[in-house]
Amino acid sequence: MKTKILIISLILIFICLGCTNKKYVYQGETQGSTYNIILYAKQNKNFENKVKQIIDSTLQHIDMVASVFNDSSEISIFNAKDSLINPSEDFINLLLKSKKMNLLTNGAFNPAIGPLVKYYGFLKDKGSNEIDTSFVLELLKFTVLDSIKLDSNKKIITKPPKYYLDFNAIASGYTVDKLAKIFDSLKIENYLIEIGGEIYAKGSHTNGNPWTVGIEKPPVSIYSPQEVLTKVKVKNAAIVTSGVTRKYHNSANKRVNHIINPQTGFPIPSNILSVSVITDSCTEADALATAFMIMGVDSTMRFIKKNNNCEVYFILSKLDTFEIKYSQGFEKYIIE
């Protein structure tokens, strides 16, 4: 499953086209990655500081809810104690949304695979140098998301021992949506929010041009500079990319990708380099980007036809180069 402890593997690069209203830019680090926020609004006394305080407090709050790297967070307490009393609204929302996406993708999205993520060394643990198939299959017994229970009064969440919940593949998208709702309540009509590569863009520049987002060309190595392969226009929608070209490690001379198939327990193969998803919810786009990496092209295309509220763009490895496949509806977003 996609993790956010490092900068997202296929970074989407947003491009500003200019405007007449005052431009506000906010940048920093959060959730083990970075954030970049651009908005346009009429100049207002204390506006810039007010928005900065809102961004900082929201990011700090989500860190205290969902960061497995913060020992004081709700999710860390839950993983350590097997229960969480009086969970926050955001923790409940993340759990319920995760269960919804797990059901929608027939288990391809599953934040309960934390034990496997730890085993392969993509969380705090260093991970195993050798992949023990029998042990992996044993760990699968502790990854059943339905075993994590929320009581009817929403006052306590429980899980069996040895389970380890990990919201890394949905928390950034959820945070983007949370900030977007706050901006909407402030009557901010034109903005772009990017957290760890997860993006939501609303409105446009004041000159009417759409927000433009670049999907990265597959790099030769994790140290290669970023190059834009395809530009897409995004308005009142989210776009999220998940991929394996910048997030992996080697074990016993084999490449181990950070996205793990929750149905087999093993990292996915490398033939799918990246998946970009466009839909109206960044939370859902975040989860779907990971799920589509696991489901593959054919299953994903069938999913798109059945659920016509999202579009997808694949970059696939092919000998010494790559090829592109995308859903029919994605074409309208591509800038020639």
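**View 1. The whole chain, a predicted model.** Residues are numbered from 1 along each chain as its sequence is written. In this predicted model, local features need pLDDT of at least 70, side-chain atom pairs count only at pLDDT 80 or more, totals for chains, interfaces and linings use all residues, and side-chain values use heavy atoms, with hydrogens and water left out. The chain holds seven helices and 17 strands (DSSP runs, H or I of at least four residues for helices and E of at least two for strands, numbered from the N terminus). Mean pLDDT (the predictor's confidence in each residue, from 0 to 100) is 87, with 86% of residues at 70 or more. Please read residues 1–11 with care: pLDDT stays under 50 there. Of the 336 residues, 55% count as buried (under 20% relative accessible area, with exposed over 50% and partly exposed in between, for a 1.4 Å probe and protein chains only).

**View 2. Helix H1 meets helix H6.** Here the axes of H1 (residues 47–66) and H6 (residues 171–185) come within 11 Å and cross at roughly 145° (lines fitted to C-alpha atoms over the stretch in contact, with angles from 0 to 180 degrees between N-to-C directions). H1 brings Val 51, Ile 54, Ile 55, Thr 58, Leu 59, His 61, Ile 62 and Ala 66 to the contact, and H6 answers with Ala 171, Tyr 174, Thr 175, Lys 178, Leu 179, Ile 182 and Phe 183 (contact means heavy atoms within 4.5 Å). Eleven of these residues are nonpolar, three polar and one charged (Ala, Val, Leu, Ile, Met, Phe, Trp, Tyr, Cys and Pro are nonpolar, Asp, Glu, Lys and Arg charged, and the others, Gly among them, polar).

**View 3. Helix H2 and the residue after it.** Within H2 (residues 74–81), you will find Glu 74, Ile 75, Ser 76, Phe 78 and Asn 79 buried. These buried residues pack against H1, strand S4 (83–85), helix H3 (89–104) and strand S6 (156–158). Asp 82 comes after H2, and its phi is positive, near 70°.

**View 4. Ser 73, in the loop between H1 and H2.** Ser 73 counts as buried because its relative accessibility is 0%. A polar atom of its side chain lies 2.6 Å from the backbone oxygen of Ser 67. The Ser 73 side chain also makes a polar contact with that of Ser 76, at 3.1 Å (a pair of N or O atoms within 3.5 Å; within protein, one must be able to donate a hydrogen and the other to accept it, and residues adjacent in sequence count only if both atoms are side-chain atoms). Beyond its neighbours within four places in sequence, Ser 73 touches Asp 63, Met 64, Val 65 and Ser 67.
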